[in-house]
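Please open the model in your viewer and keep the selection panel at hand. The tour goes from one selection to the next, with a short note on what is found at each stop.

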Amino acid sequence: MIDFTDEQIERYSRHIMLPEVGGVGQAKMLEAKVLLIGAGGLGSPAAFYLAAAGVGNLGIVDFDVVDLSNLQRQIIHSTERVGMLKTESAKKTIAALNPDVNVTVYNERLTSENIMRLFEGYDYILDGTDNFATRYLINDACVMTGKTNIHGSIFRFEGQATVFKPHAGPCYRCLYPEPPPPGLVPNCQEGGVLGVLAGVIGNLQVVETLKLILGQGEPLIGSLLIYDALRTEFRRLKLKRDVNCPVCGENPTIKELIDYEEFCGLSR
Ligand SMILES: [Zn+2]
């Protein structure tokens with residue numbers, strides 16, 4: 001049934017010897033399909049470690065090119081790849097790390113027009129975006145398709161991670177029904193961040209994704225994990241579903257995808 005090569009048995013030996021993973025769990029990871037939205041701060045470490053773990057099918061959505069100012073945190077890219085599409089750079093790094101992983105790249109900006117097509121064929125969506133417009137779009141599409149959204153965000157010295165599993169726990173709109181008005185949001189490109197925060201939070205997203213694939217442990221459904229790097233403190237807040245949520249509540253008012261104005265980090 002599980003037909004590993006000798007190389008795979010050696011590569012994944014530290015997984016296979018874990019009773020919670022074993023050969024069965026490693027096979028599940030090799031068959032899993034995860035779509036990463038963004039190959040930036042969170043997407044870089046997430047794609048890297050998902051590939052190392054042997055998650056066999058990764059989709060990467062990003063339309064941007066590698067910039068020198070990305071390299072302080074976007075570790076899947078490199079200095080010689082400044083100017084290269086981030087998707088292509090990520091694909092090269094993953095190919096060098098683990099040939100078991102099939103990478104499909106989508107050099108597109110996520111919109112209401114293409115999101116359903118891009119989501120097709122993936123079981124899990126890893127949200128590594130840095131702007132509200134895309135965050136709401138991903139949330140709504142996940143609720144509408146029933147796909148689990150592994151969410152993360154970072155700012156300055158703080159990061160957050162949670163898992164939005166439609167109807168099993170709250171969604172992003174249960175917490176924030178509407179995006180803030182454009183003028184109140186700091187431009188992400190101007191907002192500083194301690195680069196390594198991307199590694200901490202992106203890898204927490206990977207841990208949650210692997211647990212979901214394996215069916216092990218308690219994923220962060222209905223819990224928001226907040227990491228304060230300066231105080232070295234993790235806090236876990238309970239999140240509740242809102243029965244009046246406009247998208248996942250009892251009487252949803254949002255039945256179509258919305259393209260909000262892009263007011264953070266994306267220029268038209
Ligand atoms: Zn909701």
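Begin by selecting helix 4, whose buried residues pack against helix 3 (22–31), strand 1 (33–37), strand 2 (57–61), helix 5, strand 4 (124–127) and helix 9 (196–214). Helices (H or I, at least four residues) and strands (E, at least two) are DSSP runs numbered from the N terminus, and residues are numbered from 1 along each chain as its sequence is written. This is a predicted model, in which local features need pLDDT of at least 70 and side-chain atom pairs count only at pLDDT 80 or more, while totals for chains, interfaces and linings use all residues.

Helix 4 is mostly covered, with 10 of its 11 residues buried (20 or more other C-beta atoms within 10 Å of a residue's own, C-beta atoms being placed from the backbone). Among the buried residues are Phe48, Tyr49 and Leu50.

Now show the strands, eight of which form an open sheet of mixed pairing in the order 3-2-1-4-5-6-7-8 (two strands pair if DSSP finds at least two bridges between them). Strand 3 (102–106) and strand 8 (233–238) stand at the edges with a single partner strand each, so one side of each is left without a neighbour in the sheet.

Finally, select strand 7 (residues 223–228), which runs antiparallel to strand 8 and is joined to it by six bridges.

Methods:
A residue is buried if 20 or more other C-beta atoms lie within 10 Å of its own, exposed if 12 or fewer, and partly exposed in between; C-beta atoms are placed from the backbone. Two residues are in contact if their C-beta atoms, placed from the backbone, lie within 7 Å.
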